[in-house]
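This report walks through one chain, from a single residue out to the whole fold. Look at the structure first, then read on.

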Amino acid sequence: MNKQHHSNNKSEPESKSTLTPDADENYLPADTSSPAIIGLWVFMAVITMLFFLFTVAYKIRMSLSDWQSLNEPWQLSLSTAMLFMSCVAMANCRRRAALLPSVVACRSILIVAVLLTLGFVFTQLWAWQYLVDQNITVDNNPANSFFYLLTGLHGLHVLGGLAALFLVIYNARKGHANSLYQSLHLCTRYWHFLLLIWLFLLGLLRFT
């Protein structure tokens with residue numbers, strides 16, 4: 001009888017993003033084809049256009065005679081590695097949340113992701129300080145101005161992603177665990193997008 005009753009429960013349709021106290025049930029993550037996904041794609045498209053316009057301005061400005069190429073500080077390699085590892089950590093967070101929608105399940109890897117992302121930001125500030133110590137400031141070369149502008153703009157978007165991630169963690173801890181997987185799915189996609197933008201900027205600055 002118990003087996004038959006359990007079998008009947010299995011056959012019933014189960015709505016997505018619904019938690020169940022039954023340990024034998026499988027958690028189905030929230031649908032990722034929601035308006036939030038569309039909103040994220042639109043937001044990333046806007047950011048892409050913004051950096052594209054700055055890239056065009058960069059290419060036009062560097063053709064003038066007063067342009068002096070900037071030797072990028074070595075800290076950029078360290079910050080790139082940190083951003084890459086933070087993307088890997090975020091992907092692991094999403095994978096764990098798909099199996100168990102709980103902050104506790106992915107708490108340790110979430111902390112690693114946040115620390116690596118903060119490390120990226122602080123390494124960028126370290127690179128700025130390194131340049132300032134060598135008197136490579138905004139006002140003495142157009143190339144310097146673009147370096148600070150592009151890296152600073154990217155850093156602001158990274159901080160915005162961290163703010164969104166903290167909001168996700170706060171909501172999950174307040175009992176909205178059903179949305180944890182979908183939220184981490186969005187954050188992970190945004191983190192990968194930031195990495196692609198950063199690699200593009202790094203190539204632009206290094207090879208021009």
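Arg94 sits in helix H3, which covers residues 75–99. The model is a predicted one. Arg94 is partly exposed: its relative accessible area is 26%, which lies between the 20% limit for buried and the 50% limit for exposed.

Which residues does Arg94 touch, leaving aside those up to four places away in sequence? They are Tyr181, Leu184, His185 and Thr188. The C-alpha atoms of Arg94 and Gln182 are 8.3 Å apart, although 88 residues separate them along the chain.

## Helix H6

Helix H6 runs over residues 180–206, 27 residues in total. From first C-alpha to last, H6 reaches 38 Å.

Is H6 largely enclosed or largely open? Of its 27 residues, 20 are buried, so the rest of the structure largely encloses H6. Buried here means a relative accessible area under 20%.

## H2 against H5

Helix H2 spans residues 35–61. Its axis and that of H5 come within 11 Å and cross at roughly 175°. H2 is therefore roughly antiparallel to H5, since angles over 145 degrees count as such. On the H2 side, the contact is made by Phe43, Ile47, Leu50, Phe51, Phe54, Ala57, Tyr58 and Arg61. H5 brings Pro142, Phe146, Leu149, Leu150, Leu153, His154 and His157. By class, the residues of this contact divide into 12 nonpolar, 2 polar and 1 charged.

## Arg173 in H5

H5 covers residues 142–173, and Arg173 belongs to it. Is Arg173 buried or exposed? Arg173 is exposed, because its relative accessible area is 61% and the cut-off is over 50%. Its C-alpha lies 6.8 Å from that of Val103, a residue 70 places away along the chain.

## The chain as a whole

The chain holds 6 helices and 0 strands. Along the sequence the pattern reads α-α-α-α-α-α. Of the 208 residues, 42% are buried.

The accessible surface of the chain is about 11800 Å². Carbon and sulfur atoms account for 66% of that surface.

Terms used: Residues numbered from 1 in each chain as written. Predicted model: local features only at pLDDT ≥ 70, side-chain atom pairs only at ≥ 80, totals over all residues. Heavy atoms only, no water. Helix = DSSP H or I, 4+ residues; strand = E, 2+ residues; numbered from the N terminus. Expected span 1.5 Å × (residues − 1). Buried < 20%, exposed > 50% of the residue type's maximum accessible area, 1.4 Å probe, protein only. Areas by Shrake-Rupley, 256 points an atom, 1.4 Å probe, with all protein chains shown as cover. Axes fitted to C-alpha atoms, helices over the stretch in contact; angles between N-to-C directions. Parallel < 35°, antiparallel > 145°, perpendicular 65-115°, else oblique. Contact = heavy atoms within 4.5 Å. Nonpolar A, V, L, I, M, F, W, Y, C, P; charged D, E, K, R; others polar.
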